[in-house]
Amino acid sequence: MSELRTIARHAGTLLVGQLAVMAFGVTDTIVAGRYAGEALAALSVGAAVYISVFVALMGVLQALLPIWAELHGGRRGPALGISVRQALYLALIGAAAGVPMLLFPGAILDWTEVPPALQADVREYLAVLALALPPALLFRMFSTLNQSLGKPKLVTWLQTGALAVKVPLTAWFCFGGLGVPALGAAGCALATVVVNYLLLAMAIWLLRTQDLYEPYAIWRPMERPDWPTIRQYARLGIPGGLAILVEVTSFTLMSLFIARQGTLATAAHQIAANLAAVLFMTPLSIGIATSARVSYWLGAGDPKQARSAIRSGLKLGLLLALAYAAIVFAARHGIASIYTRDAEVAALAASLLAWLALYHLGDAAQGLCVFVLRSYRVVIAPLVAYTVTLWGLGLAGGFVLAYRGLGPWTAQHSPQAFWLAASAALALLSLILPLILWRAVRRNRPA
């Protein structure tokens with residue numbers, strides 16, 4: 001089977017699961033938006049904080065993918081099982097660090113000047129979501145394991161099944177009924193907590209019962225922490241996690257800075273941000289699938305086949321990104337009207353979706369490259385590139401355009417300023433990361 005077909009099949013399965021998870025956020029956005037504009041604004045700010053914490057910790061665990069894929073490619077099953085058990089310590093350390101950040105978000109809310117009227121609802125939302133973080137990280141480990149084995153179907157089935165539970169629970173807890181009070185945005189968070197614990201319970205059951213995992217002897221008593229091994233994982237995972245943190249916070253901090261513009265701007269931005277995250281699931285899935293194949297072939301000692309996998313993954317991802325961008329631009333008004341019945345919010349959101357079409361092209365290109373770079377253990381250079389472009393040009397540039405003005409441009413006080421700057425930053429990053437990847441592949445080429 002060709003690499004393109006293998007990657008497409010793997011990525012397609014991943015995409016179904018990723019879209020199911022993203023549908024959690026779409027459900028929250030639509031339900032909260034129809035409950036009240038204030039609930040949607042609180043959700044926008046609270047989700048930005050939660051995502052910033054979660055994806056940084058998730059990025060540390062996702063960096064285990066190339067390690068496990070190489071062990072799989074090298075037919076070292078028992079070693080993979082030991083590696084999974086040692087990585088559990090890393091996940092628990094991450095959960096212990098992340099939960100307090102969600103329980104005590106005051107500093108970041110004050111720093112970004114989130115209006116006091118929103119802060120109480122945001123704090124309540126995050127306090128509930130703190131309960132969801134530990135099972136979310138552990139399930140991410142299970143997902144990463146399956147991706148490294150090239151067997152993502154079980155995870156996809158679980159994620160799609162969880163969506164069937166998430167949708168009615170969100171509506172019920174948000175609007176209330178049958179003895180449950182209307183909880184608004186906090187109800188959306190509570191539904192996420194219930195679903196995450198159900199997913200973790202199912203993952204544990206599968207690990208114990210499915211023949212797929214027997215060659216890796218995963219379900220054995222935990223060894224004592226092997227700190228040199230854990231430090232090795234951290235050296236790869238922490239820069240990768242920080243890079244994802246920079247990427248995501250350059251995006252989510254937009255929500256917090258835009259929040260000071262009021263409910264209209266915040267609600268419109270939430271629509272564009274939610275769709276941007278949904279669109280990114282395709283290059284994300286292709287990037288993960290490509291990384292798994294590249295690492296598999298590197299572990300098997302075949303760098304030529306690894307390069308073939310890279311070419312196939314990049315070709316597939318970039319063609320789909322062009323198609324998505326064209327569709328979003330053409331259908332932006334209709335898409336905005338799906339999210340909200342408020343004409344003002346829909347009009348502003350449609351203008352942001354025009355920028356999203358350009359934003360997605362750069363987002364897809366950088367996402368595809370950064371996952372493959374991890375297969376070659378290149379994590380520091382992408383972190384530096386992310387910091388300079390996304391925080392420097394994107395976030396800081398957007399802030400200046402929106403609130404200070406730049407040269408002949410006066411302060412816009414509009415979310416469009418942030419989307420313009422973010423699109424420019426991603427365009428630059430999409431030129432830098434392919435050059436870094438090209439150098440990494442050349443260094444790995446046999447003499």
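A residue is called buried when its relative accessible area is under 20%. Keep that cut-off in mind as we walk through this predicted model.

**A covered helix**

How many of the 10 residues of helix α3 are buried? Helix α3 spans residues 64-73, and nine of its 10 residues are buried, so the helix is mostly covered by the cut-off of under 20%. The buried ones are Leu64, Leu65, Pro66, Ile67, Trp68, Ala69, Leu71, His72 and Gly73. What do these residues pack against? Their partners are α2 (37-62), α4 (77-103), α7 (133-148), α10 (227-259), α11 (263-299) and α14. After α3 comes arginine 75, which has a positive phi, near 60°.

**Two helices that cross**

Let us turn to another pair of helices. Two packed helices are described by the angle between their axes and the distance between the axes. Helix α13 (residues 332-339) packs with helix α14 (residues 343-375) at an angle of about 130°, and their axes are 8 Å apart. The crossing of α13 past α14 is right-handed.

Which residues make the contact? From α13 come Arg332, His333, Ile335 and Ala336, while α14 supplies Ala346, Ala349, Ala350, Leu353 and Ala354. Sorted by type, the residues of this contact are seven nonpolar, one polar and one charged.

**A loop residue tucked inside**

Valine 379 sits in the loop between α14 and α15 (380-404). Is this valine buried or exposed? Valine 379 has a relative accessible area of 10%, so it is buried. Leaving out residues up to four places away in sequence, valine 379 touches Arg235, Leu236, Pro239, Gly240 and Arg374. The C-alpha atoms of valine 379 and isoleucine 238 are separated by 8.9 Å, although the two residues are 141 residues apart along the chain.

**Cysteines and a summary of burial**

How many disulfides are there? The count comes to zero disulfides. Cysteine 188 is in none, and the nearest cysteine sulfur, belonging to cysteine 174, is 4.5 Å away.

| Residue | Relative accessible area |
|---|---|
| Cysteine 188 | 0% |
| Cysteine 369 | 4% |
| Valine 379 | 10% |

Conventions:
Residues are numbered from 1 along each chain as its sequence is written. This is a predicted model: local features need pLDDT of at least 70, side-chain atom pairs count only at pLDDT 80 or more; totals for chains, interfaces and linings use all residues. Side-chain values use heavy atoms; hydrogens and water are left out. Axes are lines fitted to C-alpha atoms, for helices over the stretch in contact, and angles run from 0 to 180 degrees between N-to-C directions. Helices (H or I, at least four residues) and strands (E, at least two) are DSSP runs, numbered from the N terminus. A crossing is left-handed if the near helix is turned anticlockwise from the far one by less than a right angle, and right-handed if clockwise. Contact means heavy atoms within 4.5 Å. Ala, Val, Leu, Ile, Met, Phe, Trp, Tyr, Cys and Pro count as nonpolar, Asp, Glu, Lys and Arg as charged, and the others, Gly among them, as polar. A disulfide is a pair of cysteine sulfur atoms within 2.5 Å. Buried means under 20% relative accessible area, exposed over 50%, partly exposed in between (1.4 Å probe, protein chains only).
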